[in-house]
Amino acid sequence: MVTAGLGTMDRPGTPQIDVRESALREAWAAWPEVASGRHVPPPIKADVRSLSFWYGKVQAVKNVSIPIADRRVTALIGPSGCGKTTLLRCFNRMHDLYRNSRYEGQIVLHPSGTDIIDRRVNPIEMRMRIGMVFQKPNPFPKSIFENVAFGLRMKGVRGRSEIADRVEAAIKAAALWDEVSDRLRKPAYDLSGGQQQRLCIARALATEPEMVLFDEPTSALDPVATARIEELVQSLKERVTVLIVTHNMQQAGRVSDFTAFMYLGEMVEFDRTEKVFQNPGKQLTEQYISGRFG
Amino acid sequence: MTPIERTIRFRRYQDAAFQVLGASLTVVALLVLGALVLDLAKTGLGRLSWSFLTSFPSRKAEQAGIASAIVGSFYVMIVTAFTAIPLGVAAGMYLEEYSRRNWFTAIIEINIANLAGVPSIVYGLMALSLFVYTFGLGESILAGGLTLALLILPIVIVATREALRSIPLHIREAAYAMGATRWQVVRHHLLPYSTGGIATGVIIALSRAIGETAPLITIGALTFIAFLPPTPLTPRPEEDGGGLYGPFEWLDSGFTVLPIQMFNWVSRPGEAFLANAAAAGIVLIVATLGLNALAIVVRNRMRRRIRW
């Protein structure tokens, strides 16, 4: 049944049975489609195992384990400072850009079985395989076309027509093509905030990553632009695995299939989004969901 | 009048008083500057003519000109720019983007800050011993240009670092998150986005260098030059061996520059030479203001092109 990545662990002594697979199965078990055997639960794309992270002496992520389902949307929620963004930025090793950062544990990326945070794994490779969209739209001060082409050029794609084709495909995938097809050479900063954010999504998609990280992608946008991004995030899961950090609980409820609730650096609860929101297993989760703190 | 009205009134007086003070001090500063320029123009404008610009210095004041000084300043600036820009930009880039903060870079940074404040004549003394004697460059354009390059190096480094620092963190993160290496981030993002700021700083630095006198006198730049450095790839006189001048032979030539020519004339007796000095001063001021204007234009164009 669920087999993706099993047996491809890169460290000796790691048990061949993936414990987190069962966590995902449990999360799915209450789903009638699965219980009745009509629906096969998704395989795991990335497996966070006992992950801890330190900024200097401050531990921001504490022994977190979460399975990330393949080609589904997983949301990380929790109050400010709970470590959700820190956890997200472990996936593409963004912390390596700054000194005094320290990881412990594993994030195993399937099916290749790569441990993302292993020192021997090149962060540049991980960033090419896992795209990221930031809180504030941050296009480069270049043309719309060049923003999306950047990743391709860096990868060494040379052919003009190939680049043009893949740029077009990425902009279409980001639901932006109709608005910019006639002004690809114009500066990206002429676009509205929502368009800029979709451009950043196109930029992340152009290199065909296995996974895309979203760090509160709509917090700087108006409601209409937010709705478009949410729609887009949901459509993306046909092609990539999505991990999204949001402090907007309604957003997590609308776009995600799985939700992990974090508090003070720890993972409090992970389950199907419906379950987390309608029938949370922990009192803390229930209090946060109902808006009693955070 | 209620107490609130009274304090508001007092605070408005305060505001108005400061405005008057600031405006009048600004006017005083501008008036002094204006008077200086006006005086210079009154003394020198009469001497300014095409023949003044194209003649060599002479013992007869009315036949003397600044041809060798203009050409000398130009050549020295070329050497200065070609040395200071790559060194300064590379150093600034290294310190800002590559180096780790440790005691070694701390020492470098303190040194750069201090170098910017070292009197220029001290640079001249150091250049005299290093370039002129140790490297055997003589009192040449090359030695002069290198001396001024050292002088403005700290300015170029600081300008580069400031320009890099003004690039927001989220732009860097966006580039790194795409899987760019540090070199790719520098090459495709940081350098293009900071060009405007760097260019502005470089031009301001050059406009300072063009007016420097003391270090060049120290290394022995001549005050009386009645020839031009050999123009690359032009015929060499028969008595000098014939053929063409090499592309870099001018580097080895003796030279004078505008401020030295001025200094030379000012120190001579007679009204006529003073007029010559004032006229050369006008040319120098025009060159400096021209460079500064260019810097402003460059900065504004870059500001329009790059936004975040």
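Predicted model: local features only at pLDDT ≥ 70, side-chain atom pairs only at ≥ 80, totals over all residues.
## The six-stranded sheet of chain A

Chain A holds an open sheet of six strands. Their order is β6-β7-β8-β3-β9-β10, and the pairing is mixed. β6 (130-133) and β10 (266-272) of chain A stand at the edges. Each has a single partner strand, so one side of each lacks a neighbour in the sheet. From one strand to the next, the twist averages 15 degrees.

Helix α8 (residues 193-205) of chain A packs on this sheet. The helix touches β6 and β7 (211-215) of chain A. Its direction makes about 170 degrees with that of β6(A).

In one of the pairings, T74(A) has L243(A) of β8(A) as its bridge partner.

## The four-stranded sheet of chain A

Another open sheet in chain A has four strands, in the order β2-β1-β4-β5. Here the pairing is antiparallel. β2 (58-69) and β5 (114-115) of chain A are the edge strands, and each pairs on one side only.

Strand β1 (residues 44-55) of chain A runs antiparallel to β2(A). Eight bridges join the two. I44(A) stands opposite A69(A), which lies in β2(A).

## A helix pair in chain B

Two packed helices are described by the angle between their axes and the distance between the axes. In chain B, α6 (residues 141-165) and α8 (residues 182-209) pack at an angle of about 150 degrees. Their axes are 8 Å apart. The angle makes α6(B) roughly antiparallel to α8(B), because it is over 145 degrees. The crossing of α6(B) and α8(B) is right-handed.

Which residues meet at this contact between α6(B) and α8(B)? From α6(B) they include L148(B), L151(B), I152(B), I155(B), V156(B) and A159(B). T160(B), A163(B) and L164(B) also take part from α6(B). Among those on the α8(B) side are L190(B), S194(B), G197(B), I198(B), G201(B) and V202(B). A205(B), L206(B), R208(B) and A209(B) join them from α8(B).

## A capped helix in chain B

Helix α4 (residues 103-115) of chain B has 13 residues. It reaches 18 Å from its first C-alpha to its last, close to the 18 Å expected at 1.5 Å a residue.

N102(B) caps the N-terminal end of α4(B). A side-chain oxygen of N102(B) lies 3.1 Å from the backbone nitrogen of F104(B).

Technical notes. Residues numbered from 1 in each chain as written. Chains lettered and ligands numbered in written order. Heavy atoms only, no water. Expected span 1.5 Å × (residues − 1). Polar contact = N/O pair within 3.5 Å; in protein donor to acceptor, adjacent residues only side chain to side chain. Pairing = 2+ DSSP bridges. Axes fitted to C-alpha atoms, helices over the stretch in contact; angles between N-to-C directions. Contact = heavy atoms within 4.5 Å. Parallel < 35°, antiparallel > 145°, perpendicular 65-115°, else oblique. Left-handed = near helix turned anticlockwise from the far one by under 90°.
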